[in-house]
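Trainee: Can we go through a structure together? I would like to learn how to read one residue by residue.
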Amino acid sequence: MKPTIALAALVGVQGISGLSVPSNVRSFYNRVKPTTCTGTEKLKGGFYDQEGGSAQWSYCRKAFADSGKHAIYLHGSGSKLANMDIDCDGDLSNPVDGRCGSSQDTQGETRWKAEVQAASGRRIPDLNANIHPYVVFGNERDDGGATFDPRSVGIKPLSVMAAVCGDKMFYGVWGDTNGDDGPPLVGEASLSLATACFGTGMNGNNGHDEADVLYIAFPGDDAVPGSSANWGASNFQQFEDSITALGNKLVARLS
């Protein structure tokens, strides 16, 4: 049975068209998509986009010649980018609707819970997957599987990231990491970000399987919105609006 979508969940999500993908971002997408990264652009490989798949995904780096800066993104074999599995971790006290109920691996907190509390002035206990658009990025585990810490290349917790999904682009924050409950997976975002990208058919057990999503992370302290973000937002659009100006500034670096 499909869940009944509460009014609060629809505000700022249903009907969102997203930002038009800027021409420089589209050029970046078209440049990195056709071939996997190699050499110094390949930061770490050996990751999966789904359980039972193959370890063909990598964290990649692309430098911008005119600025001396770079972006981090995910890429698989051939022309595959990343899919978008659903993350429902974090603050579960305000579920908004029942779509996270089907998740079989929900955790009660995100990786950057303490940082969220500090940035929000303790107005919220953690990110809420129904409200906050966030990306699961980086892999932490103790069982010998592939790991990657984005902080090693300058990505800061809760920094703004861009997600290009089809002809739309949204901003989110680096809000969680992949753990060791399965193979080292990549390609995951909060329910609210997935809903904005692909509609209310997304739920805790149903994501977007096609590997055509480009996640872009930006290094540096200036990518972190801090207290300027509306951490206490009551819906996706309120939070998205609060990080859009910073997101626009960051994607302008892409070349």
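This is a predicted model: local features need pLDDT of at least 70, side-chain atom pairs count only at pLDDT 80 or more; totals for chains, interfaces and linings use all residues.

Trainee: Ok, where is K62 found?
Mentor: K62 belongs to strand 3, residues 57-63. Helices (H or I, at least four residues) and strands (E, at least two) are DSSP runs, numbered from the N terminus.

Trainee: Is K62 buried or exposed?
Mentor: K62 counts as buried because its relative accessibility is 15%. Buried means under 20% relative accessible area, exposed over 50%, and partly exposed in between, with a 1.4 Å probe and protein chains only.

Trainee: Which side chain does K62 join in a polar contact?
Mentor: That of E41, at 3.2 Å. A polar contact is a pair of N or O atoms within 3.5 Å; within protein, one must be able to donate a hydrogen and the other to accept it, and residues adjacent in sequence count only if both atoms are side-chain atoms. Leaving out residues up to four places away in sequence, K62 also touches others, including F28, V32 and Y73. Contact here means heavy atoms within 4.5 Å.

Trainee: New topic. How many aromatic pairs are in the whole structure?
Mentor: The search finds 7. In one of them, the rings of F47 and Y59 have centres 5.1 Å apart and planes at 90 degrees, so the pair is edge-to-face. Rings of Phe, Tyr and Trp (its six-membered ring) pair if their centres lie within 6.5 Å; planes under 30 degrees apart count as stacked, over 60 as edge-to-face and the rest as tilted.

Trainee: Which parts does that pair tie together?
Mentor: F47 lies in strand 2 (residues 42-47) and Y59 in strand 3, so the pair ties together parts that are 12 residues apart in sequence. F47 is buried at 0% relative accessibility, and Y59 is buried with a relative accessible area of 0%. F47 and Y59 also form one aromatic cluster with F137 and F148.

Trainee: And what about W231 and F239?
Mentor: Their pair is tilted, with 5.2 Å from centre to centre and 50 degrees between the planes. W231 is buried at 1%, and F239 is buried at 0%.

Trainee: Which strands does strand 7 join by bridges?
Mentor: Strand 8 (residues 168-178) is joined to it by 6 bridges, antiparallel, and A163 stands opposite F170 there. Strand 10 (residues 208-217) is joined to strand 7 by 4 bridges, also antiparallel, with L214 as the bridge partner of V164. Two strands pair if DSSP finds at least two bridges between them.

Trainee: Last one. Where is N206?
Mentor: N206 is in the loop between helix 4 (191-198) and strand 10. N206 is partly exposed, at 35% relative accessible area. Its side chain reaches the backbone oxygen of G201 at 2.9 Å.

Key: Residues are numbered from 1 along each chain as its sequence is written. Side-chain values use heavy atoms; hydrogens and water are left out.
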